[in-house]
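My entries follow in the order in which I looked things up.

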Amino acid sequence: WANSVSASVVASASKEERNRQEAIFEVVNTEHNYVRDLELMEEIFITPLRSGDIVEPDRVEALIEDIFLNYKEILGLNKRLLEDMRIRQEQQPLVERIGDTLLSHIAGFEDAYTRYIPRIVLSEFASKREEAQNPKFAQFLNDCTRHPEARRLGLRHFVGQPYQRIPRYPLLLSEVVKRTNVGIEDRETVQEVIKVCTELGKRIDACMVEGARRLRLLTVQDKIIWKSKEDHQDLKLNEKTRELHYECAAKRKATFDVQSTDLRLFLFDHMLLITKEKRDKQGDKDSCVYQVYKNPIPLELAEIWPDDGKPASLNARESGNGHPKSGLSAASVVADLEGNVGIGPRTSTTDSKLLAPITIQHRGRRGGEFVAYMTFVERDELVLKIAAAKEARQEAVSLSHVFQFDTITEMSTQPSATPTALTSAHPMDGKRVTCSAPYLNVLDGKRRVVVGTESGVYVGMEDDKSNFRLAIKDVNVSAISVLEDYHLLLVLSGKILKAYNISCLEPNSDKAFQIGQQLGKNNVQYFAAGLCAGKTIVITMKKKGAAESHFSVFEPLENAVLGGQHHHKFGLSLGKSKSEWFKRSQEFYVPSDSWQLVMLSKMVCVVCPRGFEILNLENLGEPRVYPTKTEPEYAFLLKRPDSVPVSMFKISTEEFLMCYSDFAFRMTKNGNLAKSELIEFEGRAESFAMVYPYIIAFESELIEIRHIETGELEQLVLGNNIRLLYSDVDLKGNTVIHVHRVRY
C-alpha cells in the first residue's frame, strides 16, 4: 500500500491506520491477481483453442463450455467488483470503507459460483478425456504451460481459481477487522461480508454432491462396453439433464445352465442398466469396465419386487381377480406437441452378505425376468429408489406427451351382477371388444362410435360414456367399417361380411334395417374399405388352402341406399328391395397366406409372410414383393426370421415405412433401403398406426410411440389386453385412434 500512494499520505496516517490500509490493499491486490488469472485463462487457453485447428470446429464450442464452464460470467462479476474497489482507492487514498462495496457485489455471486464450482470435477474429466483421445489437445496444453505469463502453471490451476476465491475472502477480511478499531462503521460491514461469504461457501459445498454424482455418471458412461458391436445401443447418457440416482452390487446365483455372475446395477433417471463388472488381471479398481449384461430397461417397463415370488399386485393383474376395468379410449394427436438422491455404496460383489433376493422384470419382447441377490439394505434402497425414479419419470414425460387419451366408455371385463339402485351395469360388461369406428350422424350432426363385440354391435355418443346400447345382435363381430358418403355400415361377423343401412344404429329403427346385404360368399377372413385410385372400394379376402389368398373388389353404388336423397331429404331405402348396394368389379389372388391389406393412394398392399406384395388394380399382371430379401442391403431380414411383416405407410413422395413386428425401416419407392438404421421396438407389435412424424406400435401390454426420423422413444402407455381398434383421419384432418385397454 505504502508504495501505491504518495509519501505525504503515508506520513499523515497513524501506525494503526497504515496497518489497516495494508490489509485493505491486500484484498484489492489479490482481487486483481484473481481477475488477471481468469483473463489469462481466456488469453492463453480459450482464444487459441477457438481459433486453431486443435479441435474440430463443430465440437470446439461444446468442449470450451465443458472445460471452462461459465467462467465468463464469473470474470464479469469479479471484474466489476475490482473496478469499484479501485474507484474507492482513487477517491480515498486512505480508504475509509471497503465493506459496503464488497457486500453489494458478493451478494450477487451465488448463482454463478454454485453453477461453476461443483462442476470443476467435470471440467477436469472433460479435459483428461480430450487429452487422451486428441494428441493435438495434449500438446496444446503442454505448450500453454510454457506461455510467459502462465508461470509454468497448467490448466487445472486456472480453472480451479474460483473454488479458492470464496473461502479466501473471510481470511483476508478477518485481517481488516482485526486492524479496524471498534466503533468504526466499516468494521461491522466487513464482519457482515465475512458472514455472507461463509454462508455462501456452505451452500456451494452442499452442491458438490451433485458434481460428484455427475462425474460418476460420466465415468460410468466411459466404462460401459457391449458384448458385440451388433448389441451396441445409444443409452443417451451424455444428455445434459441425465442423472444417476443409484448403483449397487448384485449377484446372479449359479444354476444348472447359468454360472454365478457378479453384477452392478445402475439406476438412471430414464432406465435401469444391469452390467457385469470386469477388472484387469491385477484387479485394479480404476481399470474396471461394465459390460452390459441384460437389455437396458426403460423405467416405464421395469418392475421389481423384493423376493423371488411375484407380488400380490402382479398376481392379481395376471389372474384377473378384482374385476379389472376394460376401457375404450380415443387418442388424438396434439397438433403442437404439448430431492437429493444419493448413489449407493460401491459394495464389492464378493461380499458374503449378498443374500437378499430381488426379482427384476423387463416388460416387452426384449425383456424377461430373473432373480438377483444383494444385501438387504441395498435391496430395500433399490426398491425405494426405483419407485421414486419411476414417479419422477412419469411426471417429467407427461409434460411432453405426443398423444392425449380420452375415455370413450368403460366397462368391466366380468359379466355384470344384477344392478341395484346404487349401481348400473354397462351393456358391454363382460363382452370382448374387437373393433370400432366413429361416424357423424347426419340427422343431428353429432359424433357417434360403433363398437363390435363377441355378441353384437353397440353404438353410443362419442362424448357420453354411459350412452352405449346394443344395435345389432350378432356373434363374433371381428371388424367394422363405416362408409359415411354411402350411408353404409360394414360388419364382418362369423366370416360373413354384411352391409347395413347405417340407420340401423338409430334407436327404435325399423326392423328391416337389421337385415344386411352380404358381400360375396362366406369364409371372409378380413376386409379393407377406403379410397384407392380415387374410388371408394371394399376388398375381401378368402383363403383357399394354406397358400392362397383370394380377393374380391366391390364398389358401392351411388345413392343405392338413400335412393338419391342422400344429401338433402334423407329419404331412406329400408333395404327391402332386391337392388344391390355393391357391384363386384374384379378379383385377384396372391399365392400366399396373408393377414392384412393396406390401401395406398393408387395401389394396394397385401401383407404376407413373404413381405409386402404391391398390386396395381388396373394392371394386376405385374405384382411385386417388397423388400427383396436377396439384396445385400436387406440381409438383416434373413437374420431375423421371427419378425414378421405387419403394415406399411407412405411417409413422403419418395419413401415408405415398412413395419415388422420387432422393428421398422424406411424404403424408397424403388425398393431400396433408404436408411440403414432400424427403428427397434421394445414390444412385439401386433398392429400399427402412423401419425407423421410418429409411428405407434401396439402389442398386448404396451403402446409404443417413436419418432420416425430418429427412432427415439417418445411415449409409452402400459396396460393389458391392448388392441388397436381403429385408426383414421376425421373430417377436421385430425388422426383419431381407438384403443382397447384393460386397467387394474
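**Entry 1: a hairpin.** I began with E13 and E14, which form a hairpin with 2 residues between them. Strands such as these are DSSP runs of E with at least two residues, helices are runs of H or I with at least four, and both are numbered from the N terminus. I noted that this is a predicted model, in which local features need pLDDT of at least 70 and side-chain atom pairs count only at pLDDT 80 or more, while totals for chains, interfaces and linings use all residues. Residues are numbered from 1 along each chain as its sequence is written, and side-chain values use heavy atoms, with hydrogens and water left out.

I then looked up how E13 and E14 are joined. Strand E13 covers residues 447–453 and runs antiparallel to E14, with 6 bridges between them. Two strands count as paired if DSSP finds at least two bridges between them. Val-450 has Val-459 in E14 as its bridge partner. On its way along the sheet, E14 is also joined to strand E15 (residues 469–473) by 4 bridges, again antiparallel. There Val-457 stands opposite Ile-472 in E15.

Is strand E14 enclosed or open? I found that 6 of the 6 residues of E14 (residues 456–461) are buried, so the strand is largely enclosed by the rest of the structure. Buried means under 20% relative accessible area, exposed means over 50%, and partly exposed lies in between (1.4 Å probe, protein chains only).

Entry 2: I traced an open sheet of 4 strands in the order E16-E17-E18-E19, with antiparallel pairing. Its edge strands are E16 (477–483) and E19 (517–518), each of which pairs on one side only. E16 and strand E17 (residues 488–493) run antiparallel and are joined by 6 bridges. Leu-483 has Leu-488 in E17 as its bridge partner.

Another open sheet of 4 strands has the order E28-E29-E30-E31, and its pairing is antiparallel. Here the edge strands, pairing on one side only, are E28 (645–650) and E31 (679–680). Within this sheet, 5 bridges join strand E29 (residues 655–660) to strand E30 (residues 663–668). The bridge partner of Leu-657 in E30 is Arg-666.

Entry 3: Strand E20 (residues 524–532) pairs with strand E21 (residues 535–543) in the antiparallel sense over 8 bridges. E21 is joined in turn to strand E22 (residues 549–556) by 6 antiparallel bridges. Val-538 has Phe-554 as its bridge partner in E22. The hairpin of E21 and E22 has 5 residues between the strands, and Gly-545 takes a positive phi near 70° there.

**Entry 4: helix H3.** I checked the length of H3 (residues 57–68). Its 12 residues should span 16 Å at 1.5 Å a residue, and its end C-alpha atoms are 17 Å apart, which agrees. The expected span is 1.5 Å times one less than the number of residues.

Which residues of H3 are buried? They are Val-60, Leu-63, Ile-64, Ile-67 and Phe-68. These cover an arc of only 105° around the axis, which puts them on the same side of H3. The arc is taken from the directions from the helix axis to the C-beta atoms. An α-helix has 3.6 residues a turn, so residues three or four places apart point the same way. The buried residues of H3 pack against several helices, including H2 (15–51) and H4 (71–91). Leu-69 follows H3 and has a positive phi near 55°.

**Entry 5: nonpolar cores.** The largest nonpolar core has 59 residues, and Phe-45 and Phe-68 have the most contacts inside it. Such a core is a set of buried Ala, Val, Leu, Ile, Met, Phe, Trp, Tyr and Cys residues joined through side-chain atoms within 4.5 Å. Its largest share, 13 residues, comes from H2. Apart from this core lies another, of 21 residues, among them Ile-360 and Phe-370.

**Entry 6: totals.** I counted 14 helices and 37 strands in the protein. Of its 744 residues, 48% count as buried.

Technical notes: Contact = heavy atoms within 4.5 Å.
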